Amino acid sequence: MNLEEYKGIYVFIEQREGEIQNVALELLGQARKLADELNDKVYAMLLGHNIADQAQSLIARGADEVIVVDAPELAEYTTEPYTQAICQIIEDRKPDSMLIGATTLGRDLGPRVSARAATGLTADCTKIEVGKNNELLMTRPAFGGNLMATIVCKNHRPQMGTVRPGVLFAMDADESRTGEVVNYEVKFNSAKFKVKLLETVKEDTDLIDITEARILVSGGRGIGNQEGFEAMDGLADVLDAEVSASRAMVDAGYIGHERQVGQTGKTVRPDLYFAFGISGAIQHVAGMEESDLIIAVNKDKDAPIFQVADLGIVGDAKQIIKKLTQQLEK
Amino acid sequence: MNIVVCIKQVPDTTEIKIDPKTGTLIRDGVPSIMNPDDKSGLEMALQLKDEQGAHVTVITMGPPQADLILREAYAMGVDRAIHLTDRKFAGADTLATSHALAGALRKIDFDLLITGRQAIDGDTAQVGPQIAEHLDLPQVSYLEDLKFDGDKTFTMKRHIEEGYQMLQVEAPCVVTVLSSANSPRYMSVGGIVDAYQKEVEVWGFNEIEVDEKDLGLKGSPTSVHKAFARGLKPAGELYEVETDEAVGIIIKKLKEKFILN
């Protein structure tokens with residue numbers, strides 16, 4: 001493999017029902033920064049059906065070229081058609097690197113593509129930098145977030161990485177940016193399509209995305225029960241905040257998985273994060289430590305959450321929620 | 001129906017702590033367990049066995065002590081256990097690991113291959129889909145539930161962010177299962193006793209069908225450039241006071257940061 005032949009940072013643009021996902025814009029923002037440093041270009045790969053009208057918006061968000069693959073086979077995501085499309089682009093265009101969102105879709109597609117292209121994939125990166133020889137240094141948590149590892153892919157291309165939503169920053173739309181939109185045709189081998197999507201069921205119609213909340217009121221074991229969660233709802237109302245939780249509370253069934261913060265839930269970065277009765281296991285902390293202001297309340301003064309909190313209160317979380325809500329209502 | 005389940009022995013990462021003074025991992029006394037997603041995958045296989053009489057094989061790749069989880073699998077009710085171990089596999093990243101496992105799986109007939117979605121020591125979720133690619137089989141990841149329709153197809157429920165998807169998949173196929181899919185059964189007492197009487201087949205490079213250049217360190221496109229404990233930020237203020245005073249402190253802080261007027 002002659003590494004010199006491989007050029008360009010390629011970003012997989014995830015869309016669902018035609019709606020471009022935030023994580024794709026975050027990846028574009030990061031790719032833009034890397035490309036400027038490497039003096040290289042950013043290519044956005046927009047796959048789907050009847051999605052071409054969105055291509056231009058990706059240039060404003062950092063792409064130099066948008067590769068549009070518009071095909072009925074790509075109308076809804078299944079692994080094989082998407083893998084065929086991406087792998088044809090890889091073969092054709094020889095990308096130096098490729099970034100994919102670490103969503104349930106990207107974490108299905110990424111490893112399949114990496115195996116077919118026989119290259120390395122770093123999962124769930126939290127940081128991507130340029131190394132001494134212009135290689136990408138991708139840093140990710142390991143051992144349940146206890147350890148950080150920087151991974152390199154020295155002799156294979158593209159250097160692939162997935163990045164979780166909410167970790168990187170999108171750039172503001174810059175309508176003055178110029179770029180090219182290219183329609184790209186893929187030859188599909190439909191004999192390999194062995195998975196048929198029957199239906200997609202949305203379980204929560206007024207779905208809240210806690211990664212977008214400015215203030216999060218988050219609860220853990222110390223909140224105890226349903227009553228504790230109702231009290232949190234009350235506080236969230238007064239503060240115009242959203243409620244989130246640690247894994248223990250999700251497993252106990254008090255709150256849905258979509259509101260879980262942490263390694264196996266979501267990464268959040270609000271202006272203010274309240275941690276009520278959350279002990280602060282590393283898996284949880286990994287998902288919220290970048291919050292601007294962290295206020296933690298826990299009855300155990302040795303709780304690890306206090307190591308990341310800007311303000312820690314040793315006390316009864318439920319009492320404090322109640323009093324704080326009363327005070328704020330005044 | 002023949003089912004193979006890939007399982008992995010992992011350190012229980014919820015038990016790993018960081019030494020607050022040195023910032024390094026404390027690994028002493030951390031128990032090794034069967035990876036939770038894999039264990040739910042195994043339970044799914046055993047339920048199919050209970051319902052319609054499947055033959056269930058487990059396979060693990062790992063050092064000699066990984067024998068323990070194969071014994072555990074026997075005690076839970078599997079029919080066959082294979083331990084894949086060879087120096088040639090050492091230093092493998094996910095891609096090289098998937099090649100070794102795929103090499104072994106080429107030697108086994110199956111209709112359904114189950115892996116966990118991801119292992120808690122690496123959290124990559126890559127090995128299952130990569131095996132599927134090497135074997136040229138369809139994959140469904142993030143599996144919550146599955147039903148055999150007969151006639152070589154499965155109906156599957158796959159978790160996604162907004163809810164779930166129902167899929168129809170042709171066998172043979174590969175699925176990666178979430179630990180939330182079910183609650184794995186306990187080992188039976190008789191099963192535990194019998195588990196140590198049963199044979200665990202030990203396979204090395206010579207028993208499998210794979211290109212040696214795809215294995216171990218040589219077959220790994222990725223490598224660890226450096227590893228480090230995440231830096232702890234300086235601790236903030238900590239107060240141990242009565243509720244009223246605590247609430248006052250919080251409100252003061254919110255005003256300081258312009259969150260409240």
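Student: What should I know before I start?

Tutor: The model is predicted, so local features need pLDDT of at least 70, side-chain atom pairs count only at pLDDT 80 or more, and totals for chains, interfaces and linings use all residues. Residues are numbered from 1 along each chain as its sequence is written, and chains are lettered from A and ligands numbered from 1 in the order in which they are written.

Student: How do I read a helix, and how far does α1(B) reach?

Tutor: Helices (H or I, at least four residues) and strands (E, at least two) are DSSP runs, numbered from the N terminus. The expected span of a helix is 1.5 Å times one less than its number of residues. Helix α1 of chain B covers residues 36-52. From first C-alpha to last, its 17 residues reach 24 Å, close to the 24 Å expected. Gly53(B) follows α1(B), with a positive phi near 70°.

Student: How many residues of α1(B) are buried?

Tutor: A residue is buried if 20 or more other C-beta atoms lie within 10 Å of its own, exposed if 12 or fewer, and partly exposed in between; C-beta atoms are placed from the backbone. In α1(B), twelve of the 17 are buried. Among them are Gly41(B), Leu42(B) and Ala45(B).

Student: Which residues does Val5(B) touch?

Tutor: Contact means C-beta atoms, placed from the backbone, within 7 Å. Leaving out residues up to four places away in sequence, Val5(B) touches Gly41(B), Leu42(B), Ala45(B), Val56(B), Val58(B) and Ile114(B).

Student: What is a nonpolar core?

Tutor: It is a set of buried Ala, Val, Leu, Ile, Met, Phe, Trp, Tyr and Cys residues joined through C-beta atoms within 7 Å. The largest has 68 residues; Val5(B) and Ala45(B) are among those with the most contacts inside it. Helix α3 of chain B (residues 94-105) gives the most to this core, seven residues.

Student: How do strands pair, and in which sense do β9(B) and β10(B) run?

Tutor: Two strands pair if DSSP finds at least two bridges between them. Strands β9(B) (139-148) and β10(B) (153-160) are antiparallel, with five bridges. One partner pair is Leu143(B) and Arg158(B). Their hairpin has four residues between the strands, and there Gly150(B) has a positive phi near 75°. Eight bridges then join β10(B) to β11(B) (163-170), also antiparallel. Two residues link β10(B) and β11(B) in a hairpin.

Student: Where are the domains of chain A?

Tutor: Domain bounds come from an automatic or database domain assignment. In chain A, domain 1 is 3-192 and domain 2 is 210-329. Their centres, over C-alpha atoms, are 33 Å apart.

Note on methods:
Contact = placed C-beta atoms within 7 Å.
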